[in-house]
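Student: I have a model open and want to learn how to read it. Where do we start?

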Amino acid sequence: MTSATTVKTEYEAIIGLETHCQLSTNTKIFSTSSTAFGGDPNTNIDPVCMGLPGVLPVLNEKVLEYAVKAGLALNCQIAKYSKFDRKQYFYPDLPKNYQISQYDLPIAEHGWLEIELVDADGNPTRKRIGITRLHMEEDAGKLVHAGSERLSGSSYSLVDYNRAGVPLVEIVSEPDLRSGQEAAAYAQELRRVLRYLGVSDGNMQEGSLRCDVNISIRPVGQKEFGTKVEIKNMNSFNAIQKAIEYEIERQIAATEAGDRIIQETRLWEEGSQRTISMRTKEGSSDYRYFPEPDLAPIEVSTEQLENWRSELPELPAQKRHRYESELGLSAYDTGVLTEDKPVANYFEAAIAAGASPKAAANWITQDIAAYLNKQKLTISEIGLTPQNLADVIVRIEQGKISNAQAKQKLPDLLKGVSPEKAFAGQELISDPAILEPIVDEVIAANPKELEKYRNGNTNLKGFFVGQVLKKTEKRADPKLTNELVEKKLNS
C-alpha cells in the first residue's frame with residue numbers, strides 16, 4: 001500500500017495601488033476657496049464646493065498643469081482630448097451627492113514608474129510598474145465620528161467640508177506588484193516624483209497622499225487572477241507593507257481551508273495589525289457615470305504640452321542612474337541622496353564647489369543625516385552651506401586638517417561657523433622638519449616601550465603615534481606621523 005504525497009500549493013500575490021494625491025494649488029479645483037490644511041471646520045467653503053443651486057464650476061488651470069506634468073513624469077500618454085464626468089456617489093461628506101471626476105477619457109494613460117529595491121549587500125533590483133491611468137477629480141469632505149474612529153460604535157458624526165473640492169489626481173497602477181515591500185517602494189517612489197515636480201507635498205499624515213490596495217492571490221503558474229479585495233485606511237508606507245503581508249496570509253489561509261474569497265473593501269486596523277471587512281465592493285456601474293454637463297471638454301495643444309514638458313526637473317530615478325554611472329556612488333548612497341530634492345540639490349552644489357562626490361556623499365548620508373534626524377531639521381535649515389562643506393572636504397584632501405578634526409568641529413560648522421574660523425590655528429603639521437624632532441623626543445622619553453617594541457611588541461607603534469599627536473594637540477599629520485614613527489622605531 002503506497003501513501004499519497006501531498007504537494008503544498010505555492011501562491012503569488014497580484015497587487016495594484018490606487019493612489020489619491022492632493023495637488024499643491026492655493027485654491028480648489030472648481031472654485032476660489034483656500035486649500036490650506038488645518039483651518040477651523042467649514043471655513044474654507046463656498047457655494048460651488050457646497051453644491052448650492054445656481055452656481056457653476058470653473059476648472060483651475062493650475063490643476064490641469066500639475067496633472068499633465070505628473071502624467072509626463074510617469075511616462076504617460078497625455079490625452080489631447082479629455083473630459084470630466086459625474087460620479088454618483090451618495091455620502092454625507094459630498095454636498096452635491098455626486099463627485100466630479102474623469103471616467104472613460106482621463107487626462108493621462110499607459111505609463112510606468114521604476115522602483116528600486118536595495119538588498120542587505122547593497123545590490124539594487126529595478127522594476128517597472130505600469131501606470132494604467134491618471135485622472136483629475138475633486139476630494140470629498142471629512143466625517144468626524146464621536147466616540148469611535150468609525151461610524152460603527154459612534155454616538156454621532158460631524159461633517160467638515162473644508163476638504164470638499166480640494167484638487168486630486170488619482171493614479172492607478174497595473175497589477176504588477178508582487179509583495180508588500182514592492183508596493184511600499186512604489187508608493188514611496190511615487191511620492192518622491194510628485195515632490196520633485198512640486199505638484200504635491202505627499203504628506204500622508206495630512207491626507208495629501210492616500211493609497212488603496214487591490215490584492216488577490218493565485219497559484220503560481222495560473223494566468224487567471226483571483227478574487228480582488230480592496231484595503232483602505234493606510235496612513236504610512238509601513239502600514240501599506242504590513243496590511244498587504246497580512247492580507248496575503250489571510251487569503252491563502254482562507255483558500256486552503258476551502259473558504260471563498262469575496263470581493264469586498266476591508267480596512268487596516270493599525271492597533272490590531274489586521275484587516276477587517278468594511279463593505280462589499282462597488283463596481284463602475286454602481287456609480288452611473290455620465291459626462292459633466294457644466295464643464296467643457298479639455299484640449300491640450302502640442303505647444304502647451306511641450307512647454308510643460310520642458311519645465312520638468314531631473315527626476316529621482318534619473319538622478320540615481322546618473323550618480324551611479326557618472327559619479328561612481330553606491331545604490332545605497334544614491335537612494336539616500338535622492339530621497340528629497342533639497343538634499344540632492346545640496347549634494348550637487350557641494351560637488352560644484354569642488355568637493356569629491358564620494359566624500360560629499362559620506363558626509364551628507366552619515367554625519368549630517370544623523371544631526372538632522374536628532375535635531376528634527378531639514379537640510380535647508382542648517383548653517384553649513386554646500387560651499388563650506390566643500391571647503392572642509394578640500395582641506396582634508398589637501399592634508400591641511402584631519403578627518404577627526406573636521407568631525408570634532410562639525411557641530412560648530414552646522415551652526416554656521418565658517419571653516420576659516422573653525423580651523424584657525426589648527427592646520428595640520430605636515431612638515432617633516434618640524435615633526436621629526438618631536439618624534440625623536442617622544443621615543444627618547446619612553447625607553448621601556450621602545451625596548452618592548454624592538455623585542456616584538458609592534459602594537460606599541462600606536463602608543464608612540466598617540467604621544468606625538470598628544471604633544472602636538474592632534475595637529476600632527478596622522479599619515480606622516482605614522483611613517484616617521486615607524487622609520488625611527490626600526491632604525
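Student: What is the strand order in the open sheet of nine strands?

Tutor: Ground rules. This is a predicted model, where local features need pLDDT of at least 70, side-chain atom pairs count only at pLDDT 80 or more, and totals for chains, interfaces and linings use all residues. Residues are numbered from 1 along each chain as its sequence is written, and side-chain values use heavy atoms, leaving out hydrogens and water. Strands (E, at least two residues) and helices (H or I, at least four) are DSSP runs, numbered from the N terminus. Two strands pair if DSSP finds at least two bridges between them. Here the order is S2-S6-S7-S10-S1-S11-S12-S13-S14, with mixed pairing. S2 (77–78) and S14 (274–280) are the edge strands, each pairing on one side only.

Student: How many bridges join S12 to S13?

Tutor: Three, and the two strands run parallel. Ile231 has Arg266 in S13 as its bridge partner.

Student: Which helix packs on the sheet?

Tutor: Helix H1 (61–73), touching S2, S6, S7 and S10. Contact means heavy atoms within 4.5 Å.

Student: And empty space?

Tutor: Rolling a probe the size of a water molecule over the atoms shows where empty space is left. A pocket is an open set of points on a 1 Å grid over the protein atoms alone, where a 1.4 Å probe fits, with protein on both sides within 12 Å along at least five of seven lines; lining residues have an atom within 4 Å of a point.

Student: Which residues lie closest to the centre of the second largest pocket?

Tutor: Asp340, Val343, Leu372, Thr378 and Ile379, out of 15 lining residues. H9 gives the largest share of that lining, four residues.

Methods: Axes are lines fitted to C-alpha atoms, for helices over the stretch in contact, and angles run from 0 to 180 degrees between N-to-C directions.
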